[in-house]
Amino acid sequence: MNKQPDKPDSNPAPTGQLHPYRGKLPRIHPRSFIAQNATIIGDVEIAADVGVWYGCVIRGDVNEIKIGRGTNIQDLTMIHCAERGQGTYLGAGITVGHSAVLHACTVEDNAFIGIQACVMDDCIVEQGAMVAAGALVTPGKIVKANEVWAGSPAKKLRDINQNDLDFFEINRDRYERLAREYKIEQYQQ
């Protein structure tokens, strides 16, 4: 996974609550949608076509957070990092379900994080993997590519199947479309 999202080509979009911390202001690509009550703090870089939905908190105060192109961060999600350890890195085309918690972890391209899932420090969710709704991925675990993990603590449940892949694509396309529509609505207000 490339930990460098597309570089924004302008200053942050005038949406959401963007706060500098220790002299670092979030960098947001102008084609991304940031809900008005999302809070983004510090060393955060968001690539093009990302949706950050209502009530999300992305706090890059003690380390960096990078979010890749076309990823959607659904309502009430919290993303943070560790001061002694790694930042938080999300690749491209990821879906992060409502009220998820991602802390000092790496989620690779086209992965799926379910509603209220929690992925802890030093975890890696490999490309195309799925963390099921409500799962707790404990520190240092690796969710292998094309596996579904569920439970608390999370364990491998099964391999990804075609129904999962179809759902990932439908969900990703729906949220990219919604983010574009919401972005247009913001400019019309």
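Q: Is Cys105 buried or exposed?
A: Cys105 is buried, with a relative accessible area of 0%, where buried means under 20%, exposed over 50% and partly exposed in between, using a 1.4 Å probe and protein chains only. This is a predicted model, in which local features need pLDDT of at least 70 and side-chain atom pairs count only at pLDDT 80 or more, while totals for chains, interfaces and linings use all residues. Residues are numbered from 1 along each chain as its sequence is written, and side-chain values use heavy atoms, with hydrogens and water left out.

Q: Which cysteine sulfur is closest to that of Cys105?
A: The closest one belongs to Cys123, but at 6.7 Å it is too far for a bond, a disulfide being a pair of cysteine sulfur atoms within 2.5 Å.

Q: And what about Cys56?
A: For Cys56 the closest cysteine sulfur is in Cys105, 14 Å away, so that pair is also too far for a bond. Cys56 counts as buried because its relative accessibility is 0%, and the number of disulfides comes to zero.

Q: Switching to the core, which residues have the most contacts inside the largest one?
A: They are Ile46, Val52, Leu90, Ile113, Val119, Val125 and Val131, within a core of 40 residues. A nonpolar core here is a set of buried Ala, Val, Leu, Ile, Met, Phe, Trp, Tyr and Cys residues joined through side-chain atoms within 4.5 Å. Strand 3 (33-34), strand 4 (39-46), strand 6 (57-67) and helix 1 (162-188) are the elements that give two or more residues to this core; helices (H or I, at least four residues) and strands (E, at least two) are DSSP runs numbered from the N terminus.

Q: What does Val52 touch?
A: Apart from neighbours within four places in sequence, Val52 is in contact (heavy atoms within 4.5 Å) with Phe33, Ile34, Ala35, Ala38, Ile46, Ile58 and Ile73. A second, separate core has five residues, among them Phe112, Val148, Ile160 and Phe168.

Q: Which way do strand 19 and strand 20 pair, parallel or antiparallel?
A: Strand 19 and strand 20 (residues 154-159) pair in the antiparallel sense over five bridges, pairing requiring at least two DSSP bridges between two strands. Ala150 stands opposite Lys155 of strand 20, and a hairpin of two residues joins these strands.

Q: What about strand 16 and strand 19?
A: Strand 16 (residues 130-131) pairs with strand 19 (residues 147-151) in the parallel sense, over two bridges, and there Val131 has Trp149 as its bridge partner.

Q: How many salt bridges are there?
A: There are eleven, each defined as a side-chain nitrogen of Lys or Arg within 4 Å of a carboxyl oxygen of Asp or Glu. One of them joins Asp43 and Arg27 at 3.2 Å, N to O, and this pair links distant parts of the chain, with Asp43 in strand 4 and Arg27 in strand 2 (residues 27-28), 16 residues apart. Asp43 counts as buried at 13% relative accessibility, whereas Arg27 counts as partly exposed at 29%.

Q: Which residue does Glu181 pair with?
A: Glu181 forms a salt bridge with Arg177, with the closest N and O atoms 3.6 Å apart. Both residues lie in helix 1, four residues apart, about one turn of the helix, and Glu181 is partly exposed at a relative accessible area of 39%, as is Arg177 at 39%. Elsewhere, salt bridges with shared partners join Lys24, Arg27, Asp43 and Glu45 into one network.
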